[in-house]
Amino acid sequence: MRQATGSSDLRRLTTVHEVERIVGRPAPAVLLKQISTLDEGCRTVLDRCPIAAFGYRDADGTSRTTFIGGTPGFVRVHSPTRISFSLPGPGDPHGPVSFFFLLPGVGEILRVNGSVAARKGAETTVDIEEAYVHCAQAVLRSRLWQPPAPPALAEPSAEITDDGPLHRPGVAEFLAAAPFLALSTWDSSGGSDTTPRGDGQAVARILDSRTLVIPDRKGNKRADTLHNLLHDDRLSVAALVPGRTGVLHLRGRGTITDDPVLLETMALRGMPPHLALLIDVEHAEVTGNDAVARSRPWTPGSHVERGTVPDLIALAGEHLAAGSAHAEGGPPPFLLKLVGAIPGMTRLLRLVMNRAYRSGLRKEGYEDIAPVTESRRRQTAGGAATESPLRQVRIAEVRKETPSAVTLVLEDTGERHGSFDFRPGQFFTLVADIDGSQVRRAYSASSAPGSSRLEVTVKHIEGGRFSSHVHHRLRAGDRIAVRGPSGSFHAEPHPPDEIVLVAAGSGVTPMMSMIRTRLADRRGHDRIALLYSSRSTDEIIFGEELTRLAREHPGRLSVTHVLTGRDGRLDADGVRRWVTGHSPARDAHYYACGPGPLMDTVRAVLTELGVPDERVHQEHFTRGADPGTAATAPQELTVEKNGQRVGTVVVEPGQTLLDAGLAAGLPMPYSCTVGNCGDCMVRLGGGEVTQNEPNCLTPQQKADGYILTCVGCPLSRVTLDITDP
């Protein structure tokens, strides 16, 4: 946007009288809609809501706004005046906080204000002070729920020539494409307010490298944001671009202007806004947002079904009736309740309100905008891929194996428990919400397949986010999710008569599945030899069971233990002596699972002994993508298949190629999502990608230009060919 004058020269409004002279005062009915507790309608909205804007301040007074959630019901309602939820970093909220809750496909918004009551880890508990329904104008202006255009990096509206906050990677481009934002302010008593803002194109426009302007168009005259800024000019913003999973987080100081030259630059069909907010930006950054990615608000299938939530216009009427019962001069509450009980009245109110929305938006200069309502039919985007569903499971038991290893016994959450079918040795990807973020890790099944219960054994890793969560937080009755099975490390469909197993530490878990499966066949005449390295006797996972099984099946199972604290590390000489001393059959298959150096040693020894590569199987585990190695700016990803362009998506900082593609509904191949199975292997057609090492790609596959999208992050604009390799 071309600036007619410097921002420092623009006239500012500094008094309530100046603001109300232009904006006016809200009608009494607007203020009567506030209620002090969450009624049944509010609780239903929270139960269905997958995402919310959240404004808060740290203990040091830093203002922050972000989007939280990811799945419907992420907010836990403990009572009509208390809720809790998980808040990922940064920041530790203190004092007054505020929310607005978005229902995809619905125009109106539920706003809730309160104060922090407790904070334990990422779990934040809030005492509710007020709740009310906000009109749909911000959503309608921004066309938030209409099918988004293919995401792309937009050109900024103004050239930025110095190193101000708006000069940071991806910020100006994001602002140029963002039609919707959440704006948090605080009043003179410290009360918090987070309000939606939407506009036809870019909701905030750049004046220079540290100054933004947001038009303030006509609304319900409540003007909480404007009044707050007169007393406390600190604010924070979180902006959205439909179709993208990133969020622009911004904070600074705000003032109000009615400068006619500036307002004219934001006119719609000749009608300028009545005021504008000027923001002196102190910090701005684009980051991937787990709540946006997981809730997928831009996917038509995520829009709420008619009848699953109350019509928010009718809910606002109920709140008005409740507020009128305690106020003088308002409409009689019995009359409001009587009108609301008339059959078909909710539908009539919706029609009337939609007409009022259209009329108001036309007066502001907008083209005719069709209001969104709960009755809009959900549609499935043609050709869009749907991510295979996670299997929701309940933890039936947490069994301690050693001081540093536990086994999770998992079963389906419903009344009917299905079986877990897999090949012995395969792994499952466990998915849990940890501190407000979805975290995934792969763990081998240690149980035999075909049972209604799945067992996975998790060893605690110092500093390991997922393993620490398992060991310190998960209890019987808790719920997580699993995906799988995955992996090519497994027993053959028609296994040979003899298998030779070498494991170290938790690498024994897939071996245990193989052992349990084969020994369950009492008629078997096979031979199993296990060489198992542990740190000490106390750290032998499944130690007692292995001893018992070897005693019960002396001709079929032999177990040799190596204790590194006593015997030293297992080296090539030790492996060679054990293998040759065991004298395996010529057609025996060998399986190794453990640290990389040990597996390299095992393969070298077996090669030296003349064992063909096709009879040697190894398992490699990675820990998922490391966002710290990715680019700090958003990057554009183009996906092609069979020479045809499938789609384009923006990969946010810290986001993997797979997560970005799936969030946009692109048909990305995948299975485990943690870099172990190779199902997400695609060819890199252009650009630069960083990915975790080691992973399951072979040197030849890497040389041929293949990457793994689930652990790959772009360092530049990237093109991928997902044609089946």
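# A walk through salt bridges and helix contacts

Buried here stands for under 20% relative accessible area, exposed for over 50%, and partly exposed for what lies in between, using a 1.4 Å probe and protein chains only.

Before going on, a word about what you are looking at. This is a predicted model, in which local features need pLDDT of at least 70 and side-chain atom pairs count only at pLDDT 80 or more, while totals for chains, interfaces and linings use all residues. Residues are numbered from 1 along each chain as its sequence is written, and side-chain values use heavy atoms, with hydrogens and water left out.

Back to Asp573: which residue forms a salt bridge with it? The partner is Arg576, and their closest N and O atoms are 2.8 Å apart. By salt bridge I mean a side-chain nitrogen of Lys or Arg within 4 Å of a carboxyl oxygen of Asp or Glu. Arg576 and Asp573 sit three residues apart in helix α16 (residues 572-582), so about one helical turn separates them. A note on names: helices (H or I, at least four residues) and strands (E, at least two) are DSSP runs, numbered from the N terminus. Arg576 is partly exposed too, with 23% relative accessibility. Elsewhere, salt bridges with shared partners link Glu397, Arg399, Glu401, Glu455, Arg516, Glu545, Arg548 and Glu552 into one network.

How many salt bridges does a search of the whole structure find? There are 39. Side chains of opposite charge can pair when their charged atoms come close.

Let me show you two further pairs. Asp216 forms a salt bridge with Arg197, with 3.0 Å between the closest N and O atoms. Asp216 belongs to strand β11 (residues 211-216) and Arg197 to strand β9 (residues 192-198), so this pair ties together parts that are 19 residues apart in sequence.

Asp526 is in the loop between α13 (508-519) and β22 (527-534), and Arg556 is in the loop between α14 (543-552) and β23 (557-563), so the pair ties together parts that are 30 residues apart in sequence. Asp526 is buried, with a relative accessible area of 9%, and Arg556 is buried with 10%.

The axes of helix α1 (residues 16-23) and helix α6 (residues 224-231) come within 10 Å and cross at roughly 165°. Axes are lines fitted to C-alpha atoms, for helices over the stretch in contact, with angles from 0 to 180 degrees between N-to-C directions. Under 35 degrees counts as roughly parallel, over 145 as roughly antiparallel, 65 to 115 as roughly perpendicular, and the rest as oblique. So α1 and α6 are roughly antiparallel to each other. Val16, Val19, Glu20 and Val23 of α1 make the contact with Leu226, His227 and Leu230 of α6, where contact means heavy atoms within 4.5 Å. By class, that contact has five nonpolar, one polar and one charged residues. Here Ala, Val, Leu, Ile, Met, Phe, Trp, Tyr, Cys and Pro count as nonpolar, Asp, Glu, Lys and Arg as charged, and the others, Gly among them, as polar.

We meet α16 again in the next contact. α16 and helix α17 (residues 596-608) pack at an angle of about 50°, their axes being 9 Å apart. That makes α16 oblique to α17. Which residues of α16 and α17 make the contact? On α16 they are Ala572, Val575 and Arg576, and on α17 they are Thr601, Val602, Val605 and Glu608. By class, the α16 and α17 contact has four nonpolar, one polar and two charged residues.

Last, some backbone details. The peptide bond from Gly484 to Pro485 is cis, with omega near 10°, and Pro485 is in strand β20 (residues 479-486). Arg143 is not a glycine, yet its phi is positive, near 50°. Arg143 is in the loop between α4 (137-142) and α5 (171-177), and is partly exposed at 30%. Arg269, also not a glycine, has a positive phi of about 50°. Its place is the loop between α7 (260-264) and β14 (275-288), and Arg269 is partly exposed at 49%.
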